[in-house]
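This briefing covers selected residues, an aromatic pair and a helix packing. Please consult the sequence and the structure shown here alongside the text.

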Amino acid sequence: MRVLLIDDHPLILAALQTVIQGLGEDVQVLGADSAAQARDTLKSRQDFDLVLLDLNLGDASGFDVLEEFRAQYPSLPVVVISASDRASDVIRAIDQGAMGFIPKRTGNDVLAQALKLVMSGGIYVPPMSLGSDAPEPEPIVVAESAAPVNAKLHQVQALASQAGYQTTAGLESLQLTPRQTDVLALLLQGKPNKIIARELGVSVETIKDHVAAVLKALGVSSRTQAVLAVGQMVQRQPNAAFTTFR
(Lines give C-alpha, C1' and ligand atoms only; values in the text may rest on other atoms or scores of the structure.)
Protein backbone atom coordinates (compact mmCIF):
# COMPACT_ATOMS: atom_id res chain seq x y z
CA MET A 1 0.00 0.00 0.00
CA ARG A 2 1.42 3.37 -1.07
CA VAL A 3 0.32 6.31 1.06
CA LEU A 4 0.75 10.03 0.49
CA LEU A 5 0.79 11.81 3.86
CA ILE A 6 0.22 15.58 3.81
CA ASP A 7 1.05 17.59 6.95
CA ASP A 8 2.92 20.90 7.23
CA HIS A 9 4.34 20.24 10.70
CA PRO A 10 7.74 18.50 10.27
CA LEU A 11 7.72 16.65 13.60
CA ILE A 12 4.16 15.38 13.17
CA LEU A 13 4.84 14.45 9.56
CA ALA A 14 7.89 12.40 10.57
CA ALA A 15 6.08 10.78 13.49
CA LEU A 16 3.06 9.82 11.40
CA GLN A 17 5.27 8.44 8.64
CA THR A 18 6.98 6.19 11.17
CA VAL A 19 3.68 5.02 12.68
CA ILE A 20 2.02 4.29 9.34
CA GLN A 21 5.06 2.52 7.90
CA GLY A 22 5.08 0.39 11.02
CA LEU A 23 1.61 -0.96 10.21
CA GLY A 24 3.06 -3.47 7.78
CA GLU A 25 6.08 -4.36 5.67
CA ASP A 26 4.11 -3.64 2.50
CA VAL A 27 3.23 -0.08 3.54
CA GLN A 28 5.18 2.72 1.88
CA VAL A 29 4.65 6.32 2.97
CA LEU A 30 5.72 9.45 1.12
CA GLY A 31 5.41 12.74 2.97
CA ALA A 32 4.43 16.16 1.63
CA ASP A 33 4.71 19.26 3.80
CA SER A 34 2.38 21.48 1.78
CA ALA A 35 -0.57 21.38 -0.58
CA ALA A 36 1.70 22.53 -3.41
CA GLN A 37 4.14 19.67 -2.86
CA ALA A 38 1.25 17.22 -2.65
CA ARG A 39 -0.15 18.47 -5.98
CA ASP A 40 3.25 18.07 -7.65
CA THR A 41 3.67 14.59 -6.19
CA LEU A 42 0.30 13.39 -7.44
CA LYS A 43 0.97 14.82 -10.89
CA SER A 44 4.29 12.98 -11.14
CA ARG A 45 3.15 9.68 -9.61
CA GLN A 46 -0.07 7.79 -10.25
CA ASP A 47 0.58 4.78 -8.01
CA PHE A 48 -0.80 5.96 -4.66
CA ASP A 49 -3.48 3.86 -2.95
CA LEU A 50 -4.42 6.36 -0.26
CA VAL A 51 -4.01 10.02 0.73
CA LEU A 52 -3.92 11.12 4.37
CA LEU A 53 -4.65 14.82 4.59
CA ASP A 54 -4.24 17.25 7.49
CA LEU A 55 -6.83 20.04 7.61
CA ASN A 56 -4.46 22.77 8.79
CA LEU A 57 -1.94 23.40 6.02
CA GLY A 58 0.19 26.51 5.78
CA ASP A 59 -0.50 27.18 2.09
CA ALA A 60 -4.12 26.04 1.72
CA SER A 61 -7.28 25.00 3.52
CA GLY A 62 -7.39 21.25 4.00
CA PHE A 63 -11.07 21.27 3.06
CA ASP A 64 -10.26 23.03 -0.22
CA VAL A 65 -7.52 20.48 -0.96
CA LEU A 66 -9.91 17.64 -0.13
CA GLU A 67 -12.50 18.96 -2.59
CA GLU A 68 -9.82 19.50 -5.23
CA PHE A 69 -8.37 16.00 -4.93
CA ARG A 70 -11.78 14.31 -4.92
CA ALA A 71 -12.57 16.11 -8.18
CA GLN A 72 -9.23 15.43 -9.88
CA TYR A 73 -8.60 11.91 -8.53
CA PRO A 74 -12.07 10.42 -7.89
CA SER A 75 -10.78 6.86 -7.55
CA LEU A 76 -8.11 7.77 -4.97
CA PRO A 77 -9.40 7.52 -1.37
CA VAL A 78 -8.68 10.56 0.80
CA VAL A 79 -8.78 10.29 4.58
CA VAL A 80 -8.60 13.35 6.82
CA ILE A 81 -6.23 13.02 9.76
CA SER A 82 -6.55 16.02 12.04
CA ALA A 83 -5.92 17.41 15.50
CA SER A 84 -9.60 18.38 15.45
CA ASP A 85 -12.30 15.95 16.49
CA ARG A 86 -15.22 18.37 16.21
CA ALA A 87 -18.39 16.82 14.88
CA SER A 88 -18.80 19.72 12.45
CA ASP A 89 -15.38 19.00 10.91
CA VAL A 90 -16.13 15.28 10.65
CA ILE A 91 -19.47 15.94 8.95
CA ARG A 92 -18.00 18.51 6.55
CA ALA A 93 -15.12 16.21 5.57
CA ILE A 94 -17.38 13.26 4.83
CA ASP A 95 -19.79 15.56 2.97
CA GLN A 96 -16.91 16.65 0.74
CA GLY A 97 -15.98 13.08 -0.13
CA ALA A 98 -13.47 11.98 2.49
CA MET A 99 -13.49 8.22 3.05
CA GLY A 100 -12.71 8.70 6.71
CA PHE A 101 -11.80 11.09 9.50
CA ILE A 102 -9.08 10.07 11.96
CA PRO A 103 -8.30 12.33 14.95
CA LYS A 104 -4.57 12.55 15.63
CA ARG A 105 -5.16 11.41 19.20
CA THR A 106 -6.27 8.02 17.82
CA GLY A 107 -4.23 5.05 19.04
CA ASN A 108 -2.12 2.97 16.67
CA ASP A 109 -4.46 -0.03 16.78
CA VAL A 110 -7.49 2.03 15.84
CA LEU A 111 -5.47 3.84 13.17
CA ALA A 112 -4.57 0.49 11.62
CA GLN A 113 -8.20 -0.66 11.69
CA ALA A 114 -9.37 2.61 10.15
CA LEU A 115 -6.91 2.39 7.26
CA LYS A 116 -7.75 -1.27 6.58
CA LEU A 117 -11.43 -0.35 6.67
CA VAL A 118 -11.01 2.41 4.08
CA MET A 119 -8.85 0.24 1.82
CA SER A 120 -11.57 -2.42 1.85
CA GLY A 121 -14.10 0.10 0.58
CA GLY A 122 -15.60 1.36 3.83
CA ILE A 123 -15.95 4.74 5.49
CA TYR A 124 -14.38 5.40 8.90
CA VAL A 125 -16.17 7.79 11.25
CA PRO A 126 -14.74 8.20 14.78
CA PRO A 127 -16.94 7.82 17.85
CA MET A 128 -18.73 11.11 18.34
CA SER A 129 -21.62 12.49 20.32
CA LEU A 130 -24.72 13.42 18.36
CA GLY A 131 -26.32 15.27 21.25
CA SER A 132 -28.54 12.44 22.54
CA ASP A 133 -28.58 10.16 25.56
CA ALA A 134 -27.87 7.15 23.38
CA PRO A 135 -24.45 5.47 23.50
CA GLU A 136 -21.86 7.10 21.27
CA PRO A 137 -21.79 5.45 17.84
CA GLU A 138 -18.81 3.22 17.19
CA PRO A 139 -16.63 3.55 14.07
CA ILE A 140 -18.76 2.68 11.06
CA VAL A 141 -17.84 0.14 8.42
CA VAL A 142 -19.69 -0.06 5.14
CA ALA A 143 -19.05 -3.10 3.00
CA GLU A 144 -17.81 -2.81 -0.56
CA SER A 145 -20.70 -4.70 -2.14
CA ALA A 146 -24.46 -4.91 -1.86
CA ALA A 147 -25.90 -8.28 -0.80
CA PRO A 148 -29.55 -9.41 -1.15
CA VAL A 149 -31.78 -7.14 0.88
CA ASN A 150 -33.23 -9.72 3.29
CA ALA A 151 -29.87 -11.26 4.19
CA LYS A 152 -28.35 -7.81 4.57
CA LEU A 153 -30.99 -6.47 6.90
CA HIS A 154 -31.25 -9.64 8.96
CA GLN A 155 -27.48 -9.73 9.48
CA VAL A 156 -27.40 -6.10 10.56
CA GLN A 157 -30.21 -6.69 13.05
CA ALA A 158 -28.51 -9.85 14.35
CA LEU A 159 -25.24 -8.01 14.93
CA ALA A 160 -27.03 -5.26 16.84
CA SER A 161 -28.87 -7.83 18.93
CA GLN A 162 -25.69 -9.79 19.71
CA ALA A 163 -24.01 -6.58 20.81
CA GLY A 164 -26.84 -5.94 23.25
CA TYR A 165 -27.85 -2.56 21.85
CA GLN A 166 -31.42 -1.33 21.70
CA THR A 167 -32.14 0.62 18.54
CA THR A 168 -34.93 3.14 18.17
CA ALA A 169 -35.61 2.17 14.58
CA GLY A 170 -34.09 -0.93 12.99
CA LEU A 171 -33.30 -0.99 9.32
CA GLU A 172 -36.16 -3.40 8.71
CA SER A 173 -38.61 -0.85 10.12
CA LEU A 174 -37.50 1.61 7.44
CA GLN A 175 -39.38 -0.53 4.92
CA LEU A 176 -36.90 0.14 2.13
CA THR A 177 -37.38 -1.60 -1.17
CA PRO A 178 -34.61 -3.96 -2.38
CA ARG A 179 -33.43 -1.27 -4.82
CA GLN A 180 -33.42 1.42 -2.13
CA THR A 181 -31.38 -0.87 0.11
CA ASP A 182 -28.84 -1.35 -2.68
CA VAL A 183 -28.70 2.43 -3.11
CA LEU A 184 -28.17 2.86 0.64
CA ALA A 185 -25.27 0.39 0.63
CA LEU A 186 -23.57 2.25 -2.23
CA LEU A 187 -24.41 5.66 -0.78
CA LEU A 188 -22.70 4.71 2.46
CA GLN A 189 -19.54 3.96 0.49
CA GLY A 190 -19.43 7.63 -0.47
CA LYS A 191 -20.23 6.93 -4.12
CA PRO A 192 -21.84 9.81 -6.06
CA ASN A 193 -25.16 9.43 -7.85
CA LYS A 194 -23.53 9.00 -11.27
CA ILE A 195 -21.47 6.02 -10.10
CA ILE A 196 -24.43 4.46 -8.29
CA ALA A 197 -26.55 4.85 -11.42
CA ARG A 198 -23.86 3.21 -13.53
CA GLU A 199 -23.42 0.28 -11.16
CA LEU A 200 -27.15 -0.35 -10.86
CA GLY A 201 -27.87 0.26 -14.53
CA VAL A 202 -30.46 3.01 -14.07
CA SER A 203 -30.64 6.74 -14.72
CA VAL A 204 -29.20 9.39 -12.43
CA GLU A 205 -32.68 10.84 -11.98
CA THR A 206 -33.92 7.47 -10.74
CA ILE A 207 -31.04 7.30 -8.26
CA LYS A 208 -31.87 10.81 -7.02
CA ASP A 209 -35.41 9.62 -6.30
CA HIS A 210 -34.11 6.55 -4.45
CA VAL A 211 -31.63 8.63 -2.43
CA ALA A 212 -34.38 11.06 -1.47
CA ALA A 213 -36.57 8.16 -0.35
CA VAL A 214 -33.73 6.64 1.70
CA LEU A 215 -32.93 9.96 3.41
CA LYS A 216 -36.61 10.48 4.16
CA ALA A 217 -36.89 6.98 5.65
CA LEU A 218 -33.86 7.67 7.86
CA GLY A 219 -35.22 11.07 8.85
CA VAL A 220 -32.12 12.92 7.67
CA SER A 221 -31.29 15.49 5.00
CA SER A 222 -27.76 14.57 3.85
CA ARG A 223 -25.56 11.59 3.04
CA THR A 224 -23.35 12.24 6.04
CA GLN A 225 -26.32 12.28 8.36
CA ALA A 226 -27.36 8.97 6.78
CA VAL A 227 -23.98 7.44 7.66
CA LEU A 228 -24.30 8.66 11.23
CA ALA A 229 -27.93 7.51 11.48
CA VAL A 230 -27.02 3.99 10.37
CA GLY A 231 -24.12 4.10 12.83
CA GLN A 232 -26.56 4.72 15.66
CA MET A 233 -28.78 1.85 14.53
CA VAL A 234 -25.99 -0.67 14.14
CA GLN A 235 -23.44 -0.68 16.91
CA ARG A 236 -20.44 -2.97 16.78
CA GLN A 237 -19.93 -5.84 19.21
CA PRO A 238 -18.04 -4.47 22.23
CA ASN A 239 -14.92 -6.59 21.73
CA ALA A 240 -14.87 -6.58 17.93
CA ALA A 241 -12.52 -4.51 15.83
CA PHE A 242 -15.35 -3.40 13.62
CA THR A 243 -18.75 -4.43 12.28
CA THR A 244 -19.64 -4.77 8.61
CA PHE A 245 -22.83 -3.79 6.84
CA ARG A 246 -23.51 -6.27 4.05
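Ser 75 lies in the loop that runs between α3 (62–72) and β4 (78–82); helices (H or I, at least four residues) and strands (E, at least two) are DSSP runs numbered from the N terminus. The model is predicted, so local features need pLDDT of at least 70 and side-chain atom pairs count only at pLDDT 80 or more, while totals for chains, interfaces and linings use all residues. Residues are numbered from 1 along each chain as its sequence is written, and side-chain values use heavy atoms, with hydrogens and water left out.

**Ser 75**
- With a relative accessible area of 73%, Ser 75 is exposed (buried means under 20%, exposed over 50%, partly exposed in between; 1.4 Å probe, protein chains only).
- The C-alpha atoms of Ser 75 and Asp 49 are 9.1 Å apart in space, although the two residues are 26 apart in sequence.

**Phe 69 and the nonpolar core**
- The largest nonpolar core has 66 residues, of which Ile 6, Leu 52, Phe 69 and Leu 218 touch the most other members; such a core is a set of buried Ala, Val, Leu, Ile, Met, Phe, Trp, Tyr and Cys residues joined through side-chain atoms within 4.5 Å.
- Phe 69 counts as buried because its relative accessibility is 2%.
- Not counting residues up to four places away in sequence, Phe 69 touches Ile 6, Ala 38, Arg 39, Leu 42, Val 51, Pro 74 and Val 78 (contact means heavy atoms within 4.5 Å).
- The count of aromatic pairs comes to one, where rings of Phe, Tyr and Trp (its six-membered ring) pair if their centres lie within 6.5 Å, and planes under 30 degrees apart count as stacked, over 60 as edge-to-face and the rest as tilted.
- Phe 69 and Tyr 73 form this edge-to-face pair, at 6.1 Å centre to centre and 75 degrees between the planes.
- Tyr 73 is buried too, at 17% relative accessibility.

**Asn 193**
- Asn 193 is found in helix α8 (residues 193–200) and counts as buried, at 17% relative accessibility.
- Its contacts, not counting residues up to four places away in sequence, are Val 204, Ile 207, Lys 208, Val 211 and Arg 223.

**Packing of α7 and α9**
- The axes of helix α7 (residues 178–187) and helix α9 (residues 204–218) come within 9 Å and cross at roughly 85 degrees, which means that α7 is roughly perpendicular to α9.
- Arg 179, Gln 180, Val 183, Leu 184 and Leu 187 in α7 meet Ile 207, His 210, Val 211, Ala 213, Val 214 and Leu 218 in α9.

Definitions and conventions:
Axes fitted to C-alpha atoms, helices over the stretch in contact; angles between N-to-C directions. Parallel < 35°, antiparallel > 145°, perpendicular 65-115°, else oblique.
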